[in-house]
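Please read the following note beside the sequence and the model. The points are numbered so that each can be checked in turn.

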Amino acid sequence: MTGLEFVFLNPWFLLALSGLPLLWLLLRITPPAPRRVILPTIAFLKDLIPKEKTPLQTPLWLLILRICIIALVIFAMARPIINPGEELPGNGPIRIVL
């Protein structure tokens, strides 16, 4: 065994990894707060307590998970091959099912 070689068939896809910091910023942006308009017809709803509360920002763990998934998709699109010089046994087409 000569060692572990790692080759990308489409290395240009790896340039998309440079866009991950921009994607990080886009995922952290939250829309602006809605304008408050007081309507006299719904004054009786003022004292109701909402059942669900939504966070102001995306949780950090979810943001990191999304970035990692996108990075893995970019690596998959670059088509990595381990030990490209070795031939696979057989002579027919290869079918890989995920």
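1. For residue exposure, buried means under 20% relative accessible area, exposed means over 50%, and partly exposed lies in between, with a 1.4 Å probe and protein chains only. By that scale tryptophan 24, at a relative accessible area of 29%, is partly exposed, and 7% of the 98 residues of the protein chain count as buried.

2. This is a predicted model, in which local features need pLDDT of at least 70 and side-chain atom pairs count only at pLDDT 80 or more, while totals for chains, interfaces and linings use all residues. Residues are numbered from 1 along each chain as its sequence is written, and side-chain values use heavy atoms, with hydrogens and water left out.

3. The protein chain has two helices and two strands, and along the sequence these follow the pattern β-α-α-β. Helices (H or I, at least four residues) and strands (E, at least two) are DSSP runs, numbered from the N terminus. The protein chain exposes about 9,600 Å², of which carbon and sulfur atoms supply 68%; such areas come from the Shrake-Rupley method with a 1.4 Å probe, and for residues only the protein chains shown count as cover.

4. Two packed helices are described by the angle between their axes and the distance between the axes. Here helix α1 (residues 20-28) packs against helix α2 (residues 60-77) at an angle of about 145°, and their axes are 11 Å apart. The axes are lines fitted to C-alpha atoms, for helices over the stretch in contact, and the angles run from 0 to 180 degrees between N-to-C directions.

5. Which residues of α1 and α2 meet? From α1 come Leu20, Leu23, Trp24, Leu27 and Arg28, and from α2 come Leu60, Leu63, Ile64, Arg66, Ile67, Ile70, Ala71 and Ile74, where contact means heavy atoms within 4.5 Å. By class, this contact of α1 with α2 has 11 nonpolar, no polar and two charged residues; Ala, Val, Leu, Ile, Met, Phe, Trp, Tyr, Cys and Pro count as nonpolar, Asp, Glu, Lys and Arg as charged, and the others, Gly among them, as polar.

6. Tryptophan 24, found in helix α1, touches Leu60, Leu63, Ile64 and Ile67 when residues up to four places away in sequence are not counted. Tryptophan 24 and arginine 66 are 42 residues apart in sequence, and their C-alpha atoms are 9.1 Å apart in space. Among contacts in the protein chain between residues at least 6 apart in sequence, 95% join residues at least 24 apart.

7. A search of the whole structure finds one aromatic pair. The rings of phenylalanine 8 and phenylalanine 75 have centres 6.2 Å apart and planes at 25°, so the pair is stacked. Rings of Phe, Tyr and Trp (its six-membered ring) pair if their centres lie within 6.5 Å, and planes under 30 degrees apart count as stacked, over 60 as edge-to-face and the rest as tilted. The pair links distant parts of the chain, with phenylalanine 8 in strand β1 (residues 6-8) and phenylalanine 75 in helix α2, 67 residues apart.

8. Two loop residues complete the note. Proline 59, in the loop between α1 and α2, is partly exposed with a relative accessible area of 31%. Arginine 79 lies in the loop between α2 and β2 (80-82), and its phi is near 55°, a positive value in a residue other than glycine.
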